Amino acid sequence: MPHHDSSERPYEDEGLAALSREQLREIQLTRLKKQVRYNYENSIFYRRKFDAAGLEPGDINTWDDFTKIPFMDKNEHRAAQDESLDRFGHPYGILACAPREKIVRLSATSGTTGVPTLYTLTKNDIRVLNKLHARKYRRIGLQPGDVVIVAFALSMFAGGVPCVDALWDYGLCVAPVGAEARTRRLLEFAALTKPTVLFCTPSLAEHLAEQCEQTLGKPARELGIRYLLCAGEPGAGIPEFKRRVEEMYGARMYDMLGSVQTLHAISCGSAEYRGMHFLSEDYCILELLDPETGQKLDFADGVTGEYVFTYLDWEGTPFLRYRMGDIMQVFTEPCPCGWPEMRLKLLGRTDDMLIVKGINIYPSAIKNILERFAPRVTGAFRIVLDRPGHQITPPLRLKVEHGEGLEEHQLAELKKEIEQYMSETARVRPEITFIPPFTLDRSEHKTRYIEIETNN
Ligand SMILES: [Zn+2]
């Protein structure tokens, strides 16, 4: 386990919020120049990329120079792993910058398809990672004495073991029960360990609350949980959903982000959700691209694009201008809560984007709309496609769970209302088929909203 010196207590503020925009950019640029040189000198992959672009580390001195650094993506990442396995008999010789004996942790992305892509971390990287996690916990007021039940899958993915390590490091009491334990065990452990904080996907938080009475003979409110820390799916960003689940527990729900190592953000208590406050800008350069043209977009309030990240002060696999294929919206106007950072809202993967007659729509937007109709719907739904792909021949077919105790004529009315509302707000008219409440699988990892259904 990493140890902090007494001068660096993870639950104490680092005073970052007091930095001006210019000071922050200066820190980034200084760290960037160092990082570029380090990558060039220590990684076959980066040396090759720089050579191919006719660049040397000394060429990168300004923000304009920065944009000359070539992008990388998951396919290149995977190809580097393959080449490394062939040449060196292990997966990181091409891409990783640190020597094997300094790599002490392997992490992976929860990619839905293909071979996982590995992240290699040194002790330095774990120290930085834990510090960045700590900023989120400190910001919302978690303190030693808080008990956290971790109900993400206890895997090598960001929300799993790495997250448990960061919570321990921060000084909290952690019950790493894990999503694998499933609903009954999770609730039994919650009753036994008296957590004040629940870490899980938003849909699992909802599911546990719904099952609590039946499993433990008391409502979720009586568990004593005060913080719901959610990630992995849209949750706290959907006002009706947030209100409903907060009400069930008598707790506050927060969205957080920490999935690509140095990109960390958490939502605030502001009544109107305006994204998660970006707390790790000194370790992560973020850029936005137009997902269709690949053109770089300027940051302005409400701008949406595919995000690109660059790690700073990192040793293992310090990625430069990595395109993951995720779409986010940024908010640069001051947040009513008073916290100074710009905010980020995840909209989905470019892979999840559906196009209906030229209109883009994400599963998260559909969830958002359906939540307005609760409790007449449960909020659970699936998008039904005939075949995989983004382009949908209308209508957009949705399977939606209706609420308890609705009559036939009420369902017909509800169907009309939702279809009308969605066509007005999202400019896509769906075709809804209702299914009984609680018939869809409540995933304990990550909900898949898309279902492929062939007719033959
Ligand atoms: Zn705020």
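What percentage of the 456 residues in the protein chain do buried residues make up? Buried residues account for 42% of them. The model is predicted, and the points below go from the whole chain to single residues.

1. Overall build. The protein chain contains 11 helices and 22 strands. Its C-alpha trace spans about 70 × 50 × 45 Å along the principal axes. For 456 residues, a compact globule would have a radius of gyration near 23 Å; the value for this chain is 23 Å, so the two agree.

2. Contacts across the sequence. Consider the contacts in the protein chain whose partners have a separation of 6 or more: 64% of these join residues 24 or more positions apart.

3. Helices H5 and H6. Two packed helices are described by the angle between their axes and the distance between the axes. For H5 (residues 123-140) and H6 (residues 161-170), the angle is about 70 degrees and the axes are 9 Å apart. An angle of 65 to 115 degrees counts as roughly perpendicular, so H5 is roughly perpendicular to H6. On the H5 side the contact is made by Leu129, Asn130, His133, Ala134 and Tyr137, and on the H6 side by Pro162, Asp165, Ala166, Asp169 and Tyr170. By class, the residues of this contact are 6 nonpolar, 2 polar and 2 charged.

4. The buried side of H6. Which residues of H6 are buried? They are Pro162, Cys163, Ala166, Leu167, Asp169 and Tyr170. These residues cover an arc of only 160 degrees around the axis, and therefore lie on the same side of H6. After H6 comes Gly171, which has a positive phi, near 105 degrees.

5. Val128, a residue of H5. Val128 lies in helix H5. Is Val128 buried or exposed? A residue is buried if 20 or more other C-beta atoms lie within 10 Å of its own; Val128 has 22, so Val128 is buried. Apart from neighbours within four places in sequence, Val128 is in contact with Tyr283, Asp313 and Trp314.

6. Val177, a residue of a loop. Val177 is in the loop between E5 and helix H7 (182-193). Val177 counts as buried because 24 C-beta neighbours lie inside 10 Å. With neighbours within four places in sequence left aside, Val177 is in contact with Ile149, Val150, Ala151, Arg185, Leu186 and Phe189. Between the C-alpha atoms of Val177 and Ile69 the separation is 43 Å, and the two residues are 108 residues apart along the chain.

7. Helices H7 and H8. The axes of H7 and H8 (residues 202-216) cross at roughly 75 degrees and come within 10 Å. H7 is therefore roughly perpendicular to H8. H7 contributes Thr183, Arg184, Leu186, Leu187 and Ala191 to the contact, while H8 contributes His207, Leu208, Gln211, Cys212, Thr215 and Leu216. The classes in this contact are 6 nonpolar, 4 polar and 1 charged. Leu186 of H7, which takes part here, is also one of the residues in contact with Val177.

8. Asp313 is a residue other than glycine with a positive phi, near 60 degrees. Arg321 is another residue other than glycine with a positive phi, near 50 degrees. Asp313 is in the loop between strand E13 (304-311) and strand E14 (322-331), and Arg321 is found in the loop between E13 and E14. Asp313 counts as partly exposed because 18 C-beta neighbours lie inside 10 Å. Arg321 counts as partly exposed because its number of C-beta neighbours inside 10 Å is 19. Asp313 is also among the contacts of Val128.

9. Cis peptide bonds. Which residue does a cis peptide bond join to Pro375? The partner is Ala374, and omega is about 5 degrees. Pro375 lies in the loop between helix H10 (363-371) and strand E18 (377-385). A cis peptide bond also joins Pro394 and Pro395, with omega about 0 degrees. Pro395 is in the loop between strand E19 (391-392) and strand E20 (396-402).

Methods:
Residues are numbered from 1 along each chain as its sequence is written. This is a predicted model: local features need pLDDT of at least 70, side-chain atom pairs count only at pLDDT 80 or more; totals for chains, interfaces and linings use all residues. Axes are lines fitted to C-alpha atoms, for helices over the stretch in contact, and angles run from 0 to 180 degrees between N-to-C directions. Helices (H or I, at least four residues) and strands (E, at least two) are DSSP runs, numbered from the N terminus. Angles under 35 degrees count as roughly parallel, over 145 as roughly antiparallel, 65 to 115 as roughly perpendicular and the rest as oblique. Two residues are in contact if their C-beta atoms, placed from the backbone, lie within 7 Å. Ala, Val, Leu, Ile, Met, Phe, Trp, Tyr, Cys and Pro count as nonpolar, Asp, Glu, Lys and Arg as charged, and the others, Gly among them, as polar. A residue is buried if 20 or more other C-beta atoms lie within 10 Å of its own, exposed if 12 or fewer, and partly exposed in between; C-beta atoms are placed from the backbone. The arc is that of the directions from the helix axis to the C-beta atoms. The radius of gyration is taken over C-alpha atoms; the globule rule is 2.2 Å times the number of residues to the power 0.38.
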